[in-house]
Amino acid sequence: MSRRAILASSITFGAIVCAALSAMPHVALAHVTLEVRQANAGTPYKAVLRVPHGCDGSATLKVRAEIPEGVIGVKPMPKPGWQVETVKGQYEKSYPYYHGQQLTEGVREIVWSGGKLPDEHYDEFVFAGFLARDLAPGPLYIPVTQECEKGQARWSDIPAPGQDAHALKAPAPALIILAQHGGGHHGGAHAAAAETKVYRAGTLTIEAPWARATPGGAKVAGGFMKITNTGKEPDRLIGGTVPFAGRFEVHEMAMDGGVMRMRELSKGLEIKPGETVELKPGGYHVMFMDLKFGLKEGETVKGTLVFEKAGNVDVEYKVGPIGGGAPAGGGHSHH
């Protein structure tokens, strides 16, 4: 099949998928999220909670964030027009702190109140803290409650083992904990996902392709990687193939009117000369549609990427845990 035919079929099928996504319940794509969704254990962390809407059309008057065990030394950022209160309590254990202190208690809840965030507006609520060195790699959840003029929205659902987080009606914001720099706790699947494998196609370098494991009955899966263009001309990722899916599409997650939406990039993803683009959860990514069989954590699956100028390149995707984050050591993206 020619590149043009692959692109045309991808566009046609993608239009159907995106139309279906736009018909999904509003809440599924408009929950409270974290701006930075992954961080290493044993490092400072700035949490930016993004609140995209109110409660069924009414304004938000109070935002309450519950601080999970292992997030220590927490300090909320003052917010003009809002009062900030903290609820302190004992930690479940004693933590050595990066300032040389031994912490046994700290902020367990933050409440922003006294302001008014209209339903049609978007805002952010911020706190800083430190991620304990012994936090295990994997998701860490920060339940958030919005209290509004009419009712409330509680974003506190946490997926059960093996459950797809995207199936939750009111998911708690999730922070993916990566192992400490220079070592730390790596489970087998996390170590596999973090291995760096590099592929080349013309002037393009494709680094560390990986995919998320899928729960039973799933029909779609996500794929991620870093692509660097060392040449002097732009190129585009326009498609690809994998033996375990009927369709391969290039997608973007982005804020649209205060709502996080996913859309297909009908012209493909541009990689400009001298730049690196990172495909990662919550941003650019590839979608494997109409799965023929599921992906299991720890395995490696083959596939082909199709670029507008560089042509085809065969790659292998490492499969990480369900809902897992990008491999450790992945750089930053240039949009």
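How many bridges join β2 to strand β12 (residues 174–178), and do the two run parallel or antiparallel? The answer is 3 bridges, with the strands running parallel. The model is predicted: local features need pLDDT of at least 70, side-chain atom pairs count only at pLDDT 80 or more, and totals for chains, interfaces and linings use all residues. Residues are numbered from 1 along each chain as its sequence is written, and side-chain values use heavy atoms, with hydrogens and water left out.

**Terms**
- Strands are DSSP runs of E with at least two residues, and helices are runs of H or I with at least four; both are numbered from the N terminus.
- Two strands count as paired if DSSP finds at least two bridges between them.

**The sheet with β2, β12 and β9**
- An open sheet of 3 strands has the order β2-β12-β9, and its pairing is mixed.
- At the edges lie β2 (38–40) and β9 (138–141), each of which pairs on one side only.
- From one strand to the next, the twist averages 35 degrees (axes are lines fitted to C-alpha atoms, for helices over the stretch in contact, and angles run from 0 to 180 degrees between N-to-C directions).
- A39 has I177 in β12 as its bridge partner.

**Pairings of β23**
- Strand β22 (residues 300–307) pairs with β23 in the antiparallel sense over 8 bridges.
- A hairpin through 3 residues joins β22 to β23.
- V306 has its bridge partner, N312, in β23.
- Strand β14 (residues 204–212) runs parallel to strand β23 (residues 311–320), and 3 bridges join them.
- Opposite R212 stands G320 in β23.
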